Amino acid sequence: MKPIKITAKVVPMAKKQVQITTEFIRLDAALKLADAVQTGGHAKIVITEGEIKVNGEICTQRGRKLRKGDTFSFANTVYEIV
C-alpha cells in the first residue's frame with residue numbers, strides 16, 4: 001500500500017478584549033457583551049455543552065463570575081476581561 005500523507009493547518013486564536021466597569025461579569029453576560037453569541041439562550045447552550053473554556057479549563061457554569069484579568073475562549077477566539 002502507498003502511504004497517505006495527512007497535513008493539518010493550525011489556525012491561530014484571535015484575541016479580543018471585553019471591557020467591564022463593574023467588579024465582575026457573569027460568563028453568559030460576557031459572551032453576549034463580546035458579541036460571541038447573539039442571545040442569552042445561545043449562551044446557555046454553548047456553556048452547558050462545554051464549548052467554553054475559562055482560564056484554560058472547560059466551564060459549564062453560566063453564572064461563573066469573571067473578573068478583570070480572566071480569560072474565556074469560544075469559537076477559536078480568546079476574550080480577556082479588562
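Start by selecting Ile52 and everything it touches. Leaving out residues up to four places away in sequence, Ile52 is in contact with Leu27, Leu31, Val46, Ile47, Glu57, Ile58, Cys59, Phe72, Ser73 and Phe74. Keep in mind as you look around that this is a predicted model.

Now widen the selection to the core. The largest nonpolar core has 20 residues, and those touching the most other members are Leu27, Leu31, Ile52, Leu66, Phe72 and Ile81. Colour by element and you'll find that α1 (27–33), α2 (40–48), β6 and β7 (77–81) each give two or more residues to this core. As background, nonpolar side chains in soluble globular proteins tend to be buried together.

Next, show the rings. How many aromatic pairs turn up? The count is one. The partners are Phe72 and Tyr79, with ring centres 4.9 Å apart and planes at 15°; that is under the 30 degrees cut-off, so the pair counts as stacked. Phe72 and Tyr79 are both buried.

Switch to cartoon for the sheet. Five strands make an open sheet with mixed pairing, in the order β1-β7-β6-β3-β4. At the edges stand β1 and β4 (57–58), each with a single partner strand, so one side of each has no neighbour in the sheet. Zoom in on β1 and β7: they run parallel, paired over five bridges. To find one of the bridges, pick Ala14, whose partner in β7 is Thr77.

Time for the charges. There are two salt bridges in the structure. For one of them, select Glu23 and Arg67, whose side chains meet at 3.8 Å, N to O. This pair links distant parts of the chain: Glu23 is in the loop between β1 (14–18) and β2 (25–26), while Arg67 is in the loop between β5 (65–66) and β6 (71–74), 44 residues apart. Glu23 counts as exposed at 57% relative accessibility, whereas Arg67, at 34%, is partly exposed.

Then select Arg26 and Asp28, which form a salt bridge with their closest N and O atoms 2.9 Å apart.

For the last stop, pick Lys65 and Phe24. Lys65 lies over the face of the Phe24 ring, 4.5 Å from its centre.

Definitions and conventions:
Residues numbered from 1 in each chain as written. Predicted model: local features only at pLDDT ≥ 70, side-chain atom pairs only at ≥ 80, totals over all residues. Heavy atoms only, no water. Phe/Tyr/Trp six-rings, centres within 6.5 Å; stacked < 30°, edge-to-face > 60°. Buried < 20%, exposed > 50% of the residue type's maximum accessible area, 1.4 Å probe, protein only. Lys NZ or Arg CZ within 6 Å of the ring centre and 35° of its normal. Salt bridge = Lys/Arg side-chain N within 4 Å of Asp/Glu carboxyl O. Helix = DSSP H or I, 4+ residues; strand = E, 2+ residues; numbered from the N terminus. Core = buried A, V, L, I, M, F, W, Y, C linked by side-chain atoms within 4.5 Å. Contact = heavy atoms within 4.5 Å. Pairing = 2+ DSSP bridges.
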